[in-house]
Amino acid sequence: MTIKQGRIDVHHHIIPPVYSDALYRHGLEAHAGAQLPKWTAQKSLDVMDVNGIQRAITSLTTPGAHLGGGDGQAASLARACNEYAADLTARHPDRFGSFALLPLPFTEASCIEAAYALDRLGADGVVVFGSSDGVFLGDPRFDELMVELNNRDAVIFVHPNLHKTSEQLDMQVPGFLVEFLCDTTRAAVNLLLTGTLDRYPRIRWILAHSGGFLPYVAWRLVQLATIQSLSVDVMAGVRRFYFDTALSPSRYSMAALKALVEPSHILFGSDFPFAPAPITTLQCQTLEENPMWSAQQLYAIHRGNALELFPHYRQQGEQAVPETIYVDEPFSNRMRRTLSGPMGAIVERMRSR
């Protein structure tokens, strides 16, 4: 089965052996209520093939490179992970790209690693957590890094972290369920209200999980800016963000997002392997079945919008129009066939919950 013009997944995690080994050594094999999955590159390729994902731009998730040591420990681990990601892309040049991991909260070390990853390793951008050691994006401590990334027209993929205040709530739900979304929202609000977006206009920002709660608080932010006479255009800033669909493909969340931003700023994301294979298939199916998207808009979410950020992944002679994902079988047929097997039974049970 050959994928002709498939999805581009901007929220797809890898777990290099050097990273998993480091997490286990530090007793961090579970974070935010999620156990570290057993990941291999082949598992990524398998789920990509089943779901028509032609390319995954990979990233590492929390807790990140800083595991309690100094900047040397964090920088060394980030470098090893980024070189692994670059090697993975070299071995599968038509299937993978990468967002480089930075050793935050160490700004100087992060500047060095960003330059190396973007200039030498050919990374597509960087992954930065909403907060690092309790410090949110938009904090002036990160200005030096913002300068480096702005000078390179970089793409920043903002992934949530578990803020230390979230860990003090003693809620009986995993941190990834609600607190992750709070972290992204707080980071986005801070970027907006501190004027960071305006000071570094060449950076392109992708917010994970449809921006957390940002679509729901945008109106409140506008009123705050008006009342406090802030010299920031909140809605212009909000509409500069890109938003991925990872674990947020429902028609409820998509309706809010569609009302807030242009569909051209919505990108497909899976969150594999933390969202396991059946959930990845369910996300694809949910997006496909949503009647609010035209065929052209759905194509743009799945692929076309990402090509505007990453034009080097455009196929030779590719036209920005919806086409069948698979060369010899429509995706809808393949989806129906996939959903008739064991994975389909799992998906149907999840749909019924």
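## The second largest pocket

The second largest pocket has a volume of about 390 Å³. A pocket here is an open set of points on a 1 Å grid over the protein atoms alone, with protein on both sides within 12 Å along at least five of seven lines, and lining residues have an atom within 4 Å of a point. The volume is the space filled by probe spheres set on the points, which are joined across faces, edges and corners. This is a predicted model, in which local features need pLDDT of at least 70 and side-chain atom pairs count only at pLDDT 80 or more, while totals for chains, interfaces and linings use all residues. Residues are numbered from 1 along each chain as its sequence is written, and side-chain values use heavy atoms, with hydrogens and water left out.

Of the 24 residues that line this pocket, Pro63, His66, Ser132, Asp133 and Asn161 lie nearest its centre. At least two lining residues come from each of β6 (125-129), β7 (131-132) and α6, and β6 gives the most, with three. Such elements are DSSP runs numbered from the N terminus: helices are H or I with at least four residues, strands are E with at least two. By class, the lining has twelve nonpolar, nine polar and three charged residues. In this scheme Ala, Val, Leu, Ile, Met, Phe, Trp, Tyr, Cys and Pro count as nonpolar, Asp, Glu, Lys and Arg as charged, and the others, Gly among them, as polar.

## The largest pocket

Now for the largest pocket, with a volume of about 1200 Å³. Its lining counts 45 residues, and Leu247, Ser248, Ala275, Ile279 and Gln283 are the closest to its centre. Two or more lining residues come from each of β2 (30-31), β3 (34-35), α7, α9 (214-227), α11 (251-260), α12 and α15 (342-351).

Helix α12 gives the most to this lining, with five residues. The lining divides into 24 nonpolar, 15 polar and six charged residues.

## Two cavities

Searching the whole structure turns up two cavities of 30 Å³ or more; a cavity is a set of grid points where a 1.4 Å probe fits but cannot get out. Around it are Asn82, Ala85, Ala86, Ser98, Ala100, Ala117, Leu121 and Ala123. Six of the lining residues are nonpolar, two are polar and none is charged.

The second largest cavity has a volume of about 30 Å³. Leu192, Gly195, Leu197, Asp198, Val232, Asp233 and Gly237 line this cavity, a set of three nonpolar, two polar and two charged residues.

## On the surface

Leu169, Met171, Val173, Phe176, Leu177 and Val178 form a nonpolar patch on the surface, with about 500 Å² of accessible area together. Leu169 lies in the loop between α6 (164-167) and α7 (179-193). Leu169 counts as partly exposed because its relative accessibility is 45%; the class lies between buried, under 20%, and exposed, over 50% (1.4 Å probe, protein chains only). Patch members have over 30% relative accessible area and no salt bridge, and nonpolar side chains (Val, Leu, Ile, Met, Phe, Trp, Tyr) are joined within 5 Å, like charges within 9 Å. A salt bridge is a side-chain nitrogen of Lys or Arg within 4 Å of a carboxyl oxygen of Asp or Glu. Areas come from the Shrake-Rupley method with a 1.4 Å probe, and for residues only the protein chains shown count as cover.

Glu289 belongs to helix α12 (residues 277-289) and, at 42% relative accessibility, is also partly exposed. Its C-alpha atom is separated by 29 Å from that of Pro174, 115 residues apart along the chain.
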